[in-house]
Amino acid sequence: MNMNTSTNIRQVRASTAASSCAPIRRARVSRPNRRCADNLVAHSASVSISGILTILSRFEGVNDVKEKAKLINEYAKQLEPFPESEKTASNRVMGCTAQVWVSAKLDDGGRLVYTGTSDSELTRGLCGVLVSALSGLTPSEVDRVDASMLRQLSLGPAILAPSRANGFANMFETMQKQARLLAGDYPKFPTLRIGRDELVPTGAFAEAQAQYLNPKQDQVDRLAAILWEKSVGVVAHFYMDPEVQGVLMSAAEQWPHIYISDSLVMADTAVKMAKEGCKYITVLGVDFMSENVRAILDESGYKDVQVYRMSPDAIGCSLAEAAESETYNSYLKTAGETPNSMHVVYINTSLVTKAVADSMVPTITCTSSNVVQTVLQGFAQVPEANVWYGPDTYMGRNLAQLFASLAENGTDEEIASIHPDHNVASIKAMLPRLRYYEDGTCIVHHILGDQGWVVCDIVREAYGVAYPTAHFEVCDIVREAYGDAYLTAHFEVPGEMFSLAMQAKARNMGVVGSTSNILEFIAGRVEAALERPHADRLQFVLGTEAGMITSIVRKVQGMLRESGRDDVDIEIVFPVAPQSITTAKQGVSAGSAAIELPLGLSIIPGPASGEGCSLDGGCAACPYMRMNTLHALMDVCMKAGSPAGEAMLEAHQPRPYSETIGGKTVAQAGCVPILHMRHFQQNKSLSDQLVQDIRTRNQAS
């Protein structure tokens, strides 16, 4: 069983988007195809379907595999010669093992004329099917064609292996995108092209991200020297500002005790650094991360190692704070009073949250990459369980959406590929006993999610900021203008981006998971492209915090340099909302007064200074993480080691955990849910201790 949710979750819609075809010869349409046509019309009100009906009839009348292959070959022969000048990056179909190009233009009557080709004869035939099917339709008609209807071609695995079926679906997606782009203008997201030895940003946001990816050597040398001189270790989160990450990654080549990761391993890495002689640990993250580092170091016997965060002021995290609220305690109280309850708590919470939760209800920690498997494993080992997820509302909603979709449209085989102990019946049975907390979100996700337009409207009305009158929501742009790209999304993103990523995943063109899953996915696609002998183009929509770009660039450029290739084009797309603004210091226009932002915020990331957030696709820049500056790190390092300096750093020390919970220290009690998770990761099952706790605690209630 694969326990990583970044693979093996098959989206409920069919992964094979087969095609329809314009008439080649007259044929009587069978009754089953008439029913399919009626369905297609229902989905596609004004689509001219005569060509689709013809091709469905032709393929339905052929059962022999060899005869179907011959029929596909007929369509390959009907393709017009494809000009070499049209074999451009924009016409290249991504996600195909073979090389495929399609192009589209409008004739004088406003109808589409498609052409295409491939270096594989079978793929060329599939391309011909689509060219014949869609040529002659208007852009709006092509956009309304329902890909699910195209399965009626019945091209089974004997003809279409899974990789080729995904490629066929990607051809169709590319052709629909071309039709939409011909029909109207869509805003373009900022992008960063990654070459072996160069970076090419497009748009102010991307320029700001790229600016610091090749840091000044004197900055790197100064930082590495002071870290070495004072034995300072650095643990930093992936979401750091690119300026900071760029310098840190270069400095790590001179000083080994620098580590950039997700939150799960930051404290463990700090302990390793202390063992290897670091006298100070600097934490670049939000407050619960530095507090966790302090507690785990104390528990490991390193109370003399000082821990510093980057600001004397609170570096908050609304999600972590939501889990320490009275409403969350009430949620846990209800869970604790319900027999057979298991609480699944997101890793991005404090040790206090985990300790208090486990004292009230059996609790296991999860990450965005294992949350699906954790929930399913709980129900597999304790079928009568009640599972309570929190605190991230978007992740909980996405879980519920995923399981509801599987229950409604999934098959036993699809569900077994996610978890072998489950089927349609078990998913339906568990749904009424799966709850999620409904009042816990990352403030930046929330602002640029359901409340994004509300905030923008407040700013517009109160401060006179002029926005474009034509609203393009980020997910609309992703769907319409980037539908054929690889789509990456963190599990925390709001539901619409989650759905888009799951649809892309069904075509092997997307990933939903943690930051590490996203990095692995991108690296895997680049590796596959480098193994092919021909030039390639890969475009990735980055549906998570933009701070990840530093790690992505380092990884990808390293792979390109190792391969010696310069003909694989990798482009990262930042889905940022053009309606966002940036800081309270930014004027509306030259010479105007500074903006005072509503809702008590000092910053809403936005493209005006190179920072932005997606409206429904997660945030591109976290304002709290941006408090971890390179200047702050240098200042802390300069003060560390002297009595006067360390006195000035007292406010930089994280909150200590002095209380006990259930007779244990916070670190001891808070680590119990983490240890349950690690047991699950190592053994692919919940521990006997946790299962026993679920079944016996609070049974009297």
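So, how many bridges join strand β3 to strand β16, and do they run parallel or antiparallel? Four bridges, and the two strands, residues 191–194 and 568–573, run antiparallel.

Quick housekeeping. This is a predicted model, where local features need pLDDT of at least 70 and side-chain atom pairs count only at pLDDT 80 or more, while totals for chains, interfaces and linings use all residues. Residues are numbered from 1 along each chain as its sequence is written, and side-chain values use heavy atoms, with hydrogens and water left out.

Okay, the sheet. Six strands make an open sheet, ordered β4-β3-β16-β15-β13-β14, with mixed pairing. At the edges sit β4 (199–202) and β14 (510–513), each pairing on one side only. The twist averages 15° from one strand to the next. Strands here are DSSP runs of E, at least two residues, and helices are H or I runs of at least four, numbered from the N terminus; two strands pair if DSSP finds at least two bridges between them.

Now look at helix α7, residues 204–211: this helix lies across β3 and β4, at about 150° to β4. Angles run from 0 to 180 degrees between N-to-C directions, with axes fitted to C-alpha atoms, for helices over the stretch in contact, and contact means heavy atoms within 4.5 Å.

Zooming out, the protein chain has 28 helices and 18 strands. Of its 701 residues, 59% are buried, meaning under 20% relative accessible area with a 1.4 Å probe, protein chains only. And for contacts between residues at least 6 apart in sequence, 75% join residues at least 24 apart.

Note on methods:
Buried < 20%, exposed > 50% of the residue type's maximum accessible area, 1.4 Å probe, protein only.
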